[in-house]
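Dear colleague,

Please find below the structure that I am handing over to you. My notes on it follow directly after it.

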Amino acid sequence: MFGPVINVSNIISAFCYSLVRVEPYTACSHKCIYCYVRWRIPNSQKVDPCPEAIKVFSIIARKLRLSGVKPIPARLSTLSDPFQPHEAKFKLSLKVLNVALREGYQIIVNTKGTLISEEPWLRMLKDLASEKLVIVQASLSSMNDETARIIEPYAPRPNARLKTLEKLSAKDIPVAVRLSPYIPGLTLKPSPERVVEALSEARVRHVIVEPLRIEAAEAPGFFSLLGLKRPPMEAYSLRLEDGIPPLLKPHLKARLPEYLTLRDLLRDHGISFATCKEGLFSLHTAEDCCGIYMLKGCAMRPTLYELYLKAGRQHPSIRQIMEVFSSLPQRYVFGERLKAYPRILRKPLKSHEKKLIRILASPEILQRLTPELLVEGDGRLKAKPILQPE
């Protein structure tokens with residue numbers, strides 16, 4: 001069973017608000033050719049139910065409710081699709097939703113599945129939404145069904161996912177779209193305008209972009225398979241293997257123009273926009289990257305984004321980070337505030353906090369993570385937006 005908190009890393013610890021997770025299944029049957037889980041978990045092909053994860057989540061949720069502590073939203077899930085076909089038989093994701101409703105625990109659902117819009121899942125989501133306890137995020141890398149058939153062979157087609165979102169929206173369930181993996185030259189086809197119109201018709205409220213990450217040796221074949229010219233690439237991994245980064249992503253100069261076009265079109269349609277784990281904070285039009293602003297009464301951990309906002313006004317010293325955190329609203333959980341949480345959450349969350357502080361003490365790592373925040377010679381943080389504020 002995977003732990004209830006996502007593992008510590010430079011990237012996750014720097015950017016992610018909601019690190020609590022529930023993994024109902026051990027693997028995913030969609031077999032997307034870009035799936036990153038296969039790098040992290042070798043031999044992750046067999047899909048087995050993981051009922052113990054639901055038991056642990058239930059214990060955590062109950063403890064928080066009884067103690068009156070605000071939950072940190074849980075992700076359902078991070079390593080497999082919680083609404084893949086196996087869910088029809090095992091209904092473990094349904095059990096997670098039931099726990100969340102019973103205990104008043106906020107849930108962020110991430111899926112390509114269409115089962116989520118069927119009964120009894122739809123009714124449960126509607127009840128959660130009425131209490132502002134759920135966001136449904138659907139992942140899309142292309143709007144074209146034939147393209148998706150190549151790179152996501154066993155996942156529901158994009159048009160089916162959009163219809164699922166439309167059905168959920170009609171029941172007042174808040175929906176977001178993760179354009180993930182975002183592939184320059186492909187994801188916004190047939191045109192940015194058509195893509196945004198489709199999202200607007202499905203009543204999508206928030207869009208998150210997360211770029212493709214791929215092994216260097218696989219990149220030429222991947223783009224050739226899609227009939228695309230390989231864009232310039234840059235390192236995704238902060239570490240090196242044999243002197244080279246093991247994972248690459250499309251270069252910022254290939255992503256940024258498309259992001260700006262997309263952001264402006266979304267804004268015209270009243271849809272908020274954010275990037276995922278990219279540190280492009282000046283592009284964001286939402287309070288947070290995941291759409292947590294649509295949930296009610298939850299807690300969050302501080303990230304580089306909060307420090308970016310503070311650095312734009314105060315230029316705090318990295319020695320004053322805990323003081324900066326103390327000036328944040330009560331919903332932010334750190335330091336002494338972590339003591340209210342059960343040890344199974346408190347200990348890993350504290351480890352993430354320590355990692356974030358170490359990142360700030362390493363200008364080189366910080367610069368690799370975000371081009372928009374730097375440490376000056378006197379040890380003070382400075383915001384350096386790639387876009388000047390409007």
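**Strand pairing**

Glu 215 stands opposite Leu 247, a residue of strand S9. The model is a predicted one, and the remarks below should be read accordingly. Two bridges connect strand S7 with S9 (residues 247-250), and these two strands run antiparallel. They belong to an open sheet of three strands with the order S7-S9-S8 and antiparallel pairing. Its edge strands are S7 (214-215) and S8 (233-235), each of which pairs on one side only.

Parallel pairing is found around strand S5. Five bridges join strand S4 to S5, and the two run parallel; within this pairing, Gln 137 faces Ala 176 of S5. Five bridges also join S5 to strand S6 (residues 206-211), again in parallel. Here Arg 178 has Ile 208 in S6 as its bridge partner. Between S5 and S6 the chain passes through helix H9 (residues 192-201), and this β-α-β crossover is right-handed.

How many of the eight residues of strand S5 (residues 175-182) are buried? Eight of the eight are, so the strand is largely enclosed by the rest of the structure. Strand S5 also contains Pro 181, and the peptide bond that joins Ser 180 to Pro 181 is cis, with omega about -5 degrees.

Pro 120 is located in the loop between strand S3 (107-111) and H6.

In helix H6 itself (residues 121-130), the buried residues are Trp 121, Leu 122, Met 124, Leu 125, Leu 128 and Ala 129. Viewed down the axis of H6, these buried residues fall within an arc of 160 degrees, so they line one face of the helix. As a general point, an α-helix has 3.6 residues a turn, so residues three or four places apart point the same way. The partners against which the buried residues of H6 pack are helix H4 (86-90), helix H5 (92-103), strand S4 (134-140) and helix H8 (158-170).

Just after H6, Lys 132 adopts a positive phi of about 55 degrees. Lys 132 is part of the loop between H6 and S4 and, at 47% relative accessibility, counts as partly exposed. Lys 91, in the loop between H4 and H5, likewise has a positive phi, near 55 degrees, in a residue other than glycine. Its relative accessibility of 30% places Lys 91 in the partly exposed class.

Helix H8 contains Ser 169, which is buried at 3% relative accessibility. Leaving aside residues up to four places away in sequence, Ser 169 touches Val 175, Ala 202 and Arg 203.

**Nonpolar cores**

Which residues of the largest nonpolar core touch the most other members? Of its 78 residues, they are Leu 97, Ile 107, Val 109, Leu 199, Val 204 and Leu 262. Helix H3 (residues 51-67) gives the most to this core, contributing seven residues. The contacts of Leu 97, not counting residues up to four places away in sequence, are Leu 76, Phe 83, Ile 107, Val 109, Met 124, Leu 125 and Leu 128. Met 124, Leu 125 and Leu 128 are among the buried residues of H6. A second, separate core has 38 residues, including Ile 135, Cys 298, Phe 334 and Leu 369.

**Aromatic pairs**

The structure contains ten aromatic pairs. One of them is formed by Tyr 25 and Phe 90; the pair is tilted, at 6.4 Å centre to centre and 55 degrees between the planes. Tyr 25 lies in the loop between strand S1 (20-22) and helix H2 (37-40), and Phe 90 in helix H4, so the pair ties together parts that are 65 residues apart in sequence. Tyr 25 is buried, with 0% relative accessibility, whereas Phe 90 is partly exposed, with a relative accessible area of 27%.

With kind regards

Key. Residues are numbered from 1 along each chain as its sequence is written. This is a predicted model: local features need pLDDT of at least 70, side-chain atom pairs count only at pLDDT 80 or more; totals for chains, interfaces and linings use all residues. Side-chain values use heavy atoms; hydrogens and water are left out. Buried means under 20% relative accessible area, exposed over 50%, partly exposed in between (1.4 Å probe, protein chains only). Helices (H or I, at least four residues) and strands (E, at least two) are DSSP runs, numbered from the N terminus. The arc is that of the directions from the helix axis to the C-beta atoms. Contact means heavy atoms within 4.5 Å. Two strands pair if DSSP finds at least two bridges between them. A crossover is right-handed if, with the strands pointing away from the viewer, the path from the first strand over the helix to the second runs clockwise. Rings of Phe, Tyr and Trp (its six-membered ring) pair if their centres lie within 6.5 Å; planes under 30 degrees apart count as stacked, over 60 as edge-to-face and the rest as tilted. A nonpolar core is a set of buried Ala, Val, Leu, Ile, Met, Phe, Trp, Tyr and Cys residues joined through side-chain atoms within 4.5 Å.
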